[in-house]
Amino acid sequence: CDRFHGIGADGLIVLVPHHDFSFEWQFYNADGSEAAMCGNGSRAVAHYAHREGLAPETMKFLTGAGVITATVSGEIVESELTLPNVLSESIKEEGREWFFVDTGVPHLVTIMEDYNEFDPQLASIMRHRHNANVNYVQVKEGVLYVRTFERGVEGETLACGTGMAACFFYMNRLGLVGDKATVYPTSKEELTLSKHGEMIHLKGQVVNVFNVVREVK
């Protein structure tokens, strides 16, 4: 996943056959470390699996965080993420207040008044101190704007699905958004987060960028 000497990506997903589900995945971060869950990865892998005839439009697959249900409708994919687990309601460190929740992987969330308040150095400190991804969220007219520092990438990524889910979950608990909200990550892609009972759904477009075929001699 080296961005300078390879195709460039935030992670690598390998599909493995499974007797109870459409498939099981193995997920690797850009640095080669393994991760239990990736929200946007769940949408991408569902799109790929359906396109390749490996899974039906609505599928269940096993991740390190648990079973994920995803539905593919053309380029739009909606994933039901794993049940959120609140790790701490309030952590006051480095001059900010943080909400700590596991939405498949652990995420720290802090509210910002301006999208440009994102501080990668502070995010790195908090990432290593708590072994978690770090999210800054701004709420403006019911819309969420999210910036995420991801472990395993060790920097800001253009979008993090479980991070957006963590921000949506926290803002919903505070009553700042309802049970459905539009979310824009750094990539400016428009995504929809919604709450169905206790579960969070992540919905958005998936676009195939390239295909690679390795010739075996």
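Analyst: Let us begin with a definition: buried means under 20% relative accessible area, exposed means over 50%, and partly exposed lies in between. Please also keep in mind that this is a predicted model.

User: Okay, so is Glu52 buried, partly exposed or exposed?

Analyst: Glu52 has a relative accessibility of 40%, so Glu52 counts as partly exposed.

User: And which side chain does Glu52 meet in a salt bridge?

Analyst: The partner is Arg51, and the N to O distance is 3.1 Å. Arg51 is partly exposed, with a relative accessible area of 34%.

User: How many salt bridges does a search of the whole structure find?

Analyst: The search finds eight salt bridges. One of them joins the side chains of Glu93 and Arg129, at 3.0 Å from N to O. This pair links distant parts of the chain, since Glu93 belongs to strand 6 (residues 85–93) and Arg129 to helix 2 (residues 120–130), 36 residues apart.

User: Are those two buried or exposed, or something in between?

Analyst: Glu93 counts as partly exposed because its relative accessibility is 21%. Arg129 is partly exposed as well, with a relative accessible area of 43%.

User: What about Glu154, which side chain does it meet in a salt bridge?

Analyst: Glu154 meets Arg127, with an N to O distance of 2.9 Å. Here too the pair links distant parts of the chain: Glu154 is in the loop between strand 10 and strand 11 (155–157), Arg127 is in helix 2, and they are 27 residues apart. Glu154 is partly exposed, with a relative accessible area of 34%, whereas Arg127 counts as buried at 11% relative accessibility.

User: Glu94 is a new one. Where is it found?

Analyst: Glu94 is found in the loop between strand 6 and strand 7 (96–102). Glu94 counts as partly exposed, because its relative accessibility is 42%. The phi angle of Glu94 is near 55 degrees, which is a positive value in a residue other than glycine. Phi of Glu141 is likewise near 55 degrees. Glu141 has its place in the loop between strand 9 (133–140) and strand 10, and at 79% relative accessibility Glu141 counts as exposed.

User: Switching topic: in the largest nonpolar core, which residues touch the most other members?

Analyst: That core has 40 residues, and the ones touching the most other members are Met59, Phe61, Leu144 and Leu193. The element that gives the most to this core is helix 3 (residues 161–173), with eight residues. There is also a second, separate core of 14 residues, and among its members are Trp98, Ala123, Met126 and Val134.

User: What does Phe61 touch, leaving out residues up to four places away in sequence?

Analyst: The residues touched by Phe61 include Phe21, Phe23 and Trp25, as well as Val45, Ala46, Val67 and Ile68. Ser42, Gly66 and Ala70 are touched by Phe61 too.

User: Next, Thr148. Buried or exposed?

Analyst: Thr148 is buried, because its relative accessible area is 3%, and the limit for buried is under 20%. Thr148 lies in strand 10 (residues 143–150).

User: And which side chain makes a polar contact with its side chain?

Analyst: The side chain of Asn135 does, at 2.6 Å from the side chain of Thr148. Leaving aside neighbours within four places in sequence, Thr148 is also in contact with Phe118, Val134, Gly155, Glu156, Thr157 and Cys160.

User: Where is Gly39 found?

Analyst: Gly39 is found in helix 1 (residues 39–51). Gly39 is buried, with a relative accessible area of 1%. Apart from neighbours within four places in sequence, Gly39 is in contact with Leu81, Gly161, Thr162 and Leu202. The C-alpha atoms of Gly39 and His18 are separated by 20 Å, and the two residues are 21 apart along the chain.

User: Last one: which residues form a nonpolar patch on the surface?

Analyst: Ile7, Val209, Phe210 and Val212 form such a patch, with about 440 Å² of accessible area together. Ile7 lies in the segment before strand 1 (11–16), and Ile7 is exposed, with a relative accessible area of 57%.

Methods
Residues numbered from 1 in each chain as written. Predicted model: local features only at pLDDT ≥ 70, side-chain atom pairs only at ≥ 80, totals over all residues. Heavy atoms only, no water. Patch = residues over 30% accessible without salt bridge, like charges linked within 9 Å, V, L, I, M, F, W, Y side chains within 5 Å. Areas by Shrake-Rupley, 256 points an atom, 1.4 Å probe, with all protein chains shown as cover. Salt bridge = Lys/Arg side-chain N within 4 Å of Asp/Glu carboxyl O. Helix = DSSP H or I, 4+ residues; strand = E, 2+ residues; numbered from the N terminus. Buried < 20%, exposed > 50% of the residue type's maximum accessible area, 1.4 Å probe, protein only. Core = buried A, V, L, I, M, F, W, Y, C linked by side-chain atoms within 4.5 Å. Contact = heavy atoms within 4.5 Å. Polar contact = N/O pair within 3.5 Å; in protein donor to acceptor, adjacent residues only side chain to side chain.
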